[in-house]
Amino acid sequence: MNNIPETQLEPTQLKRLAARRKSDSYAKVILGIQIGLSVLSPPLCSLVVMFFSKFAVWTALYGIIITCLNILWVTPWRQTLKEKAAKIHELFDCDVLELNWRELTVGSRLEMMETVVEYAGKYKTDSPSCSDLKNWYPIASGKLPIHLGRIVCQRTNCWWSSQLRKHYTRIIIFVLVLTVVGSVGIGLIKTEWSLEKWILAVIIPLMPVFILVIQQLIENKKSVMLLDKLKTHAEGLWKKALTETNTGELTYACRELQDGIFNHRRTGPLIFTWLYKRYRKEMERQMNEAADEMVEEALQFLGK
């Protein structure tokens, strides 16, 4: 009853998803480098000082430099790429879900189209068929009128992102514990170290890890809370849609919900592609089953 399944497979829409994925991938590479420098440096610095004590000051200086670079340059750069990806995805959602473009919130639509051409070409070099981008939203949503199918898709957006970030949070905590234990363990081997050397060789090199991980944990906690709030709001709209027939009000409410989804994409933490691939199959099964139940509920309400 709506064109969501067909529209999301159009070449223009797949190109937009490809461009979004490529912009995100650049941001993820930057995040990976940040994590690598922050997580690997503490135990390496401790090992260096263990065998070459004269380098204690230099390892401490390294930790301070990495921390400053992360805060002042690398993190803002990553945020710019992430915001660009969010704007590209908004092009896709506005067309597929038949929502108006909010220029004051998102920016120029024409400018983003130019960006799509640039990034999509780079993505298609790696994946010409774009097979991993097809059927972004549940196909079952196409059985409903657009004002109902749209809500199914928006709720799916919120649920999917929230679940991935919950998995990511557990991994972050594990990496933090492992890094701290490894660095402190190396330091404990050298029982003759003074407090000053302990601070220089172990504590200060750990600063980039603590700051990066704390940032990630705070961002993920806020992200999950926001996504769960948006999902609850979508479910409220769903109940309203099954009891009322004012499609104009529902469309306006969905546009407001989409603003929340866009703002989350713009500011929320990145999720590595390997984590997405790790949970994709199971999450797709859960997503489609939930969508099928919502569609069945709606069809009963519509008397079909």
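**Buried charges and a cavity**

Visitor: Is Asp 24 buried or exposed?

Guide: Buried means under 20% relative accessible area, exposed over 50% and partly exposed in between (1.4 Å probe, protein chains only). Asp 24 has a relative accessible area of 8%, so Asp 24 is buried. Arg 20, at 17% relative accessibility, also counts as buried. This is a predicted model, in which local features need pLDDT of at least 70 and side-chain atom pairs pLDDT 80 or more, while totals for chains, interfaces and linings use all residues. Numbering starts from 1 along each chain as its sequence is written, and side-chain values use heavy atoms, without hydrogens or water.

Visitor: Which residue forms a salt bridge with Arg 20?

Guide: A salt bridge puts a side-chain nitrogen of Lys or Arg within 4 Å of a carboxyl oxygen of Asp or Glu. For Arg 20 the partner is Asp 24, with the closest N and O atoms 3.2 Å apart. Both residues belong to helix H2, four residues apart, or about one turn; helices are DSSP runs (H or I, at least four residues) numbered from the N terminus. In general, an α-helix has 3.6 residues a turn, so residues three or four places apart point the same way.

Visitor: Where do Arg 255 and Asp 259 lie?

Guide: They are both in helix H9, again four residues apart, and their side chains meet in a salt bridge of 2.7 Å, N to O. Arg 255 counts as buried at 4% relative accessibility, and Asp 259 at 13%. Salt bridges with shared partners join these two to Glu 90 and Arg 102 in one network.

Visitor: Which residue meets Asp 93 in a salt bridge?

Guide: Arg 265 does, at 2.8 Å from N to O. This pair links distant parts of the chain, since Asp 93 is in helix H3 and Arg 265 in helix H9, 172 residues apart. Both are buried. The structure holds 14 salt bridges.

Visitor: What volume does the largest cavity have?

Guide: On a 1 Å grid over the protein atoms alone, a cavity is a set of points where a 1.4 Å probe fits but cannot get out, and lining residues have an atom within 4 Å of a point. Points are joined across faces, edges and corners, and a volume is the space filled by probe spheres set on them. Here the largest cavity has about 650 Å³. Its lining has 35 residues; Arg 20, Trp 136, Trp 160, Ser 161 and Leu 164 are the closest to its centre. Helix H6 supplies the largest share of this lining, seven residues.

Notes:
On a 1 Å grid over the protein atoms alone, a cavity is a set of points where a 1.4 Å probe fits but cannot get out, and a pocket is an open set with protein on both sides within 12 Å along at least five of seven lines; lining residues have an atom within 4 Å of a point. Helices (H or I, at least four residues) and strands (E, at least two) are DSSP runs, numbered from the N terminus.
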